[in-house]
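I opened this notebook to keep track of what I looked up, going from the whole chain down to single residues.

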Amino acid sequence: MKIFQQIIHLPQARRGFHIITKEITNTLPQISQLKAGILQVFIQHTSASLCINENADPTVRQDFEMYFNKAVPENDPDYLHDYEGADDMPAHLKAAMLGSSVTIPITNGRLALGTWQGIYLCEHRDHGGSRSVVITAWGE
């Protein structure tokens, strides 16, 4: 079995949902060496998350942002954790809802994503800063 791992530092992104599939595959070209395997992508932050969804129509990403802002509003008077502003606790809740990692099969040296699937960086902060992502691939 082969194992490859790399850490990528994504530049600061505006709040929203951003496709990062190419950044992931460009960072770990060794994926092409695996006939069958697994890719795990893990974000090292608690106020941003990862998910897999629509990679073509940008309105899907806009609707994701709209939905999560409605589901987890800012300035809720019941939040205790607000040290870094109104988006602080909502960002942690959104990240917990979506998760910190995605796992994708590798088939014949390529990610086995569906036709309309892409990996999203889900930035839940107005000023989240650079994000570190650990990319690990293993297989034969």
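Before reading any pairing, I noted the rule that two strands pair if DSSP finds at least two bridges between them. I also noted that this is a predicted model, and I read every entry below with that in mind.

**Entry 1, the whole chain.** I began with the secondary structure, which comes to three helices and eight strands, and from the N terminus on I read the elements as β-β-α-β-β-α-α-β-β-β-β. For the overall dimensions I looked up the C-alpha trace, which spans about 50 × 30 × 20 Å along its principal axes. A compact globule of 140 residues would have a radius of gyration near 14 Å, and because the chain has 16 Å, I wrote down that the two agree. Buried residues make up 41% of the 140 residues. Among contacts between residues at least 6 apart in sequence, 83% join residues at least 24 apart.

I then looked up the charged side chains and found 11 positive and 15 negative ones, with the centres of the two sets 11 Å apart.

In which order do the five strands of the open sheet stand? I read the order as 1-8-3-5-6, with antiparallel pairing. Strand 1 (2–10) and strand 6 (110–111) stand at the edges with a single partner strand each, so one side of each is left without a neighbour in the sheet.

Strand 3 (residues 36–43) is joined to strand 5 (residues 101–107) by seven bridges, and the two run antiparallel. Going along this pair, I found Gly37 opposite Ile106 and Val41 opposite Val102. Seven bridges also join strand 3 to strand 8 (residues 131–139), again in the antiparallel sense, and here Gln40 stands opposite Thr136.

Lys2 and Gly37 are 35 residues apart in sequence, while in space I read 9.1 Å from C-alpha to C-alpha. Leaving aside neighbours within four places in sequence, I found Lys2 in contact with Gln33, Leu34, Ala137, Trp138 and Gly139.

**Entry 6, strand 7.** Is strand 7 (residues 117–123) mostly buried or exposed? Six of its seven residues are buried, so I described strand 7 as largely enclosed by the rest of the structure. Strand 4 (residues 48–54) pairs with strand 7 in the antiparallel sense over seven bridges, while four bridges join strand 2 (residues 16–19) to strand 7, also antiparallel. I ended on Cys122 of strand 7, which is the bridge partner of Phe17 and also stands opposite Ser49.

Definitions and conventions:
Residues are numbered from 1 along each chain as its sequence is written. This is a predicted model: local features need pLDDT of at least 70, side-chain atom pairs count only at pLDDT 80 or more; totals for chains, interfaces and linings use all residues. Side-chain values use heavy atoms; hydrogens and water are left out. The radius of gyration is taken over C-alpha atoms; the globule rule is 2.2 Å times the number of residues to the power 0.38. Buried means under 20% relative accessible area, exposed over 50%, partly exposed in between (1.4 Å probe, protein chains only). Contact means heavy atoms within 4.5 Å. Lys and Arg count as positive and Asp and Glu as negative; His and the chain ends are not counted. The place of a charge is taken as NZ of Lys, CZ of Arg, CG of Asp or CD of Glu.
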